[in-house]
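Here are my notes on this model, as numbered points. Please read them with the coordinates open.

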Amino acid sequence: MLPRDEQLRSALKTAASALKEGGPRFALAGSFALWVFGAPEPVHDVDFVVAEADAEAAATTLAEAGFDIERTPEDWLFKAHVGEVVVDVLHRVNGVAVDAEALAVAEDHDVLAIRIPVLPPTTVLIQKLRALGEHHCDFASLLPAVRAVRERVDWEQVRAATADSDFAVAFLVLADRLSITG
């Protein structure tokens, strides 16, 4: 069996290739998107985003590529399994439907020798900070990633987009005090 990091990379490549070939439009998101920009390599799962209207098409494409599709109780994603690896395909992020405008901010990058759209660090950081709450508030895993991509982040945009989240504000105070934000 391949090591976990190779399994994740293989799942990322397989899913990205399938979506690139068969549609719908997508973007790499989450911790792997930050990894593209220099953050530590994730060890949990792979995240992609698709427009809410395209979620079923994405599930069909990934099923045809050999993934087992799991419909979760959460109504904002589905999971595509290959072996023990999970690819989360989100069509709603922080309670907001993904649409063409949300995908338009993605930038094309070579990821594991495949040119695919990747959400920029500012967008991913906003999403991660808006997801913080009483039941999930892990600054320790977020700090190394943010430190690695800090020069690519529009901090004013992050502050404006997360000002209503006490957890995000607390993280930004910590990042300020650690001289991460500039």
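**Notes on the helices and backbone**

1. Thr162 sits in helix α7. Helices here are DSSP runs of H or I with at least four residues, strands are E runs of at least two, and both are numbered from the N terminus. This is a predicted model: local features need pLDDT of at least 70, side-chain atom pairs count only at pLDDT 80 or more, and totals for chains, interfaces and linings use all residues. Residues are numbered from 1 along each chain as its sequence is written, and side-chain values use heavy atoms, with hydrogens and water left out.

2. Is Thr162 buried or exposed? Thr162 has a relative accessible area of 0%, so it is buried. The cut-offs are under 20% relative accessible area for buried and over 50% for exposed, with partly exposed in between (1.4 Å probe, protein chains only). Leaving aside residues up to four places away in sequence, Thr162 touches Ile126, Leu129, Arg130, Ala168, Val169 and Leu172. Contact means heavy atoms within 4.5 Å.

3. The buried residues of α8 are Ala168, Phe171, Leu172 and Ala175. They cover an arc of only 100° around the axis, so they lie on the same side of α8. The arc is taken from the directions running from the helix axis to the C-beta atoms.

4. What do the buried residues of α8 pack against? Their partners are α5 (121-131), α6 (139-149) and α7 (155-162). On the face turned away from the buried side, α8 carries the exposed residues Asp166 and Arg177.

5. Look next at the α6 and α8 pair. Their axes come within 12 Å and cross at roughly 55°. Contact there is made by Phe139, Leu142, Leu143 and Val146 of α6 and by Phe167, Ala170, Phe171 and Leu174 of α8. Axes are lines fitted to C-alpha atoms, for helices over the stretch in contact, and angles run from 0 to 180 degrees between N-to-C directions. The two helices are therefore oblique to each other. Angles under 35 degrees count as roughly parallel, over 145 as roughly antiparallel, 65 to 115 as roughly perpendicular, and the rest as oblique.

6. Helix α3 (residues 55-64) has Ala55, Ala58, Ala59, Thr61 and Leu62 as its buried residues. Their arc around the axis is only 165°, which puts them on the same side of α3. The cover over them includes α1 (4-22), β2 (46-50), β3 (68-71), β4 (77-82) and β5 (85-90). After α3 comes Gly66, with a positive phi near 105°.

7. Ala113 has a positive phi of about 75°. Ala113 lies in the loop between β8 (107-111) and β9 (114-118), and counts as exposed because its relative accessibility is 78%. Ser179, in the segment after α8, has a positive phi of about 60°. At 53% relative accessibility, Ser179 also counts as exposed.

8. Which residues does a cis peptide bond join? Gly23 and Pro24 are joined this way, with omega about 0°. Pro24 belongs to the loop between α1 and β1 (26-29).
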